[in-house]
Amino acid sequence: MNTLPTSPEAIATLLGSFQPVALEDDLLTPDDVEQLRLTPVESLRVVMLNGFFMPELSTLPQDGSVTVATTLNTDSPDEGVSIRIKAGSVLAQALEVLHVSFSFESEFIAQPRLRVVLEAGAHATLVEQYTHLSDTLCLNNAVVEVFLEAGARLSHPRLQQESLRTRHLSSLHVNQAAGSHYHGTTLAFGGAWSRTEFHVAFSGTGAHCDLNGFYLVGDQQTHDMHLDVIHNLPGCSSNARFKGILYGNGKAVFNGNIVVKPDAQKTDARLSNDNLLLSRAAEIDTRPRLEIYADDVQCSHGTTVGQLDPEMLFYLRARGIPQTQATLMVCDGFASEIIDTCNAAALQQQAQTLLAKRLASVTALAGVNDA
Amino acid sequence: MLSVKDLHVVVNGKEILTGLNLEIKPGEIHALMGPNGSGKSTLSKVLAGREEYVVTEGSVTYKGQDLLALAPEVRAQQGIFMAFQYPVEIPGVNNTYFLQMALNAIRKARGEAELNSLAFMRLVRDKLKALEMDESLLKRYVNAGFSGGEMKRNEILQMTLLEPSLAILDETDSGLDIDALKIVARGVNTLRSPERAMLVITHYQRLLDYIEPDVVHVLSGGKIVMSGDKSLALELEAKGYGWVQDGLEQAA
Ligand SMILES: Nc1ncnc2c1ncn2[C@@H]1O[C@H](COP(=O)(O)OP(=O)(O)O)[C@@H](O)[C@H]1O
Ligand SMILES: [Mg+2]
């Protein structure tokens with residue numbers, strides 16, 4: 001049940017076993033949105049229910065700096081939302097996209113499609129959240145495309161917190177023109193199993209991409225992080241930092257590929273993946289890969305897999321902090337190095353709360369390494 | 001306050017402490033000196049409760065109770081503080097948060113009200129000023145990227161915040177310049193009181209110019225081989241540890 005399909009055929013079979021769900025009006029209420037939102041009430045907000053755009057629950061822009069359109073592709077039955085930020089606009093407030101799974105149906109599929117375009121020189125923050133209100137078995141199959149035109153800057157914190165019966169597939173495509181800057185942080189607290197893909201491509205020089213990711217994978221959970229960063233032009237830089245905490249019989253895969261093509265001189269590419277295993281039954285399969293075909297580049301990669309450091313725990317306990325709390329602090333610190341890159345206070349707060357709640361529920365946190 | 005009797009300690013199968021005896025009364029400051037590898041840090045870690053260090057024989061009584069039966073956090077809550085020779089870096093954990101958690105855990109155990117962030121910040125700022133420490137240390141992760149001197153100051157800051165009954169300083173003076181050394185000494189001297197005791201582990205006489213010990217011990221080969229007043233430290237400084245060892249061999 002919890003094995004993650006990896007081949008395209010297996011994924012297709014899987015997609016076929018879930019039923020599309022009809023748009024249900026009045027299911028999601030303004031109160032629900034109020035509960036779930038991670039940006040101030042007056043922020044621009046696009047609400048998606050089971051992949052459908054919900055205009056009446058959304059807060060759409062008035063001043064012309066941002067346009068929101070629906071249906072990305074008229075040939076496709078998938079409904080989608082396209083957000084365009086006008087050249088040179090600097091958005092003072094974050095834009096939020098809230099994906100909610102909620103239905104009385106079971107085994108349904110939601111297919112949110114989101115396209116975000118920042119025109120030349122635009123600056124924005126996009127807060128994205130995948131969450132749920134019901135505990136039904138569903139599959140979330142999301143595609144998010146980000147286009148950054150020349151000199152555009154996007155900060156993109158994302159929180160995935162789905163029910164333990166949800167299957168999550170999402171792919172994020174980041175396309176960066178010259179001098180653009182992407183700063184993304186994905187915090188994955190998972191569903192039953194999840195696969196998150198990141199694809200980064202450059203269409204101009206001097207662009208920079210920061211990809212940060214954190215995954216918390218507990219009992220009965222599987223998480224797969226798949227990363228492809230292609231440097232095909234000179235003078236771009238990328239820094240991918242992923243960290244995971246695993247406990248119980250949680251399983252995770254980190255598959256990080258960075259390719260530096262022959263023309264991509266002066267590339268600066270970094271990749272790291274650090275994992276903290278809180279139990280013997282937890283499993284991580286980490287595969288960082290750098291393929292370098294240019295000679296004048298700076299590249300590095302490193303991965304670590306470790307357990308809680310007894311020296312750290314002892315230091316905290318020697319200051320009077322009880323063992324359970326010390327364990328939480330060390331885990332929290334480990335995760336904070338990624339969570340703190342979000343630049344979105346409410347989302348960070350929410351992530352810290354989730355982390356503390358989940359780790360506190362791990363029975364006998366004391367002596368977790370002996371479990 | 002502290003009574004160590006015939007203490008034998010094994011680490012990774014090797015006996016490091018081989019029958020150590022030590023009596024410390026309230027109000028006293030004891031200096032513990034000895035060559036590298038003689039077991040000074042082993043003693044400080046055993047007193048603080050590091051599980052890796054296995055006591056095979058002997059006893060440690062603190063304020064009338066069996067210290068060895070207590071978890072490290074309980075020892076700290078009951079007033080034991082050990083300044084680490086090598087403080088541990090804890091990435092991602094904010095130093096202010098750590099200090100506040102520690103102080104509140106100890107206050108709670110003492111039956112005192114926990115301090116809110118505002119009250120805590122007021123207190124910590126006062127302590128910082130007294131120690132001439134830079135406030136920027138508070139905003140950083142616990143010991144992460146700290147210089148040796150910054151780490152040692154952070155240990156002293158913790159000590160002055162937690163106000164222990166028994167403070168054990170493990171080579172807090174090593175690697176410090178004279179100004180930093182005076183700050184450490186000031187931290188110790190402001191805590192000095194008839195109810196408190198200290199065990200100051202040091203390599204050099206230098207610190208003892210500022211902190212006058214009541215008793216000086218020499219540790220060698222896992223036990224205390226010589227004890228005396230502060231003049232012993234001066235004699236050691238002049239003659240070196242070889243002098244102690246030679247004396248032992250002659251006596252044997
Ligand atoms: N964790 C450990 N594992 C193995 N040997 C240790 C460990 N800690 C200390 N030792 C050994 O115990 C002896 C005493 O060390 P230590 O107590 O650190 O001495 P000191 O502080 O006096 O320099 C040394 O020989 C050291 O190598
Ligand atoms: Mg030592």
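Which residues have the most contacts inside the largest nonpolar core? They are A:L187 and A:I245, in a core of 109 residues. A nonpolar core here is a set of buried Ala, Val, Leu, Ile, Met, Phe, Trp, Tyr and Cys residues joined through side-chain atoms within 4.5 Å, and buried means under 20% relative accessible area, exposed over 50%, partly exposed in between (1.4 Å probe, protein chains only). Domain 1 (8-307) and domain 2 (308-371) of chain A both contribute residues, so this core lies between them; the bounds come from an automatic or database domain assignment.

Please keep in mind that this is a predicted model, where local features need pLDDT of at least 70 and side-chain atom pairs count only at pLDDT 80 or more, while totals for chains, interfaces and linings use all residues. Residues are numbered from 1 along each chain as written, chains are lettered from A and ligands numbered from 1 in written order, and side-chain values use heavy atoms, without hydrogens and water.

Turning to the interface, 34 residues of chain B are in contact (heavy atoms within 4.5 Å) with 21 residues of chain A. Four salt bridges are counted between the two chains, each a side-chain nitrogen of Lys or Arg within 4 Å of a carboxyl oxygen of Asp or Glu. A:E311 pairs in this way with B:R50, with the closest N and O atoms 3.3 Å apart.

Finally, the magnesium ion (ligand 2) has B:S41 (OG) and B:Q85 (OE1) as its protein donors, 2.1 Å from it. Donors are N, O and S atoms within 2.8 Å of the metal (3.2 Å for Na, K and Ca); water is not among the atoms, so sites may look incomplete. B:S41 is partly exposed at 22% relative accessibility, whereas B:Q85 is buried at 16%.
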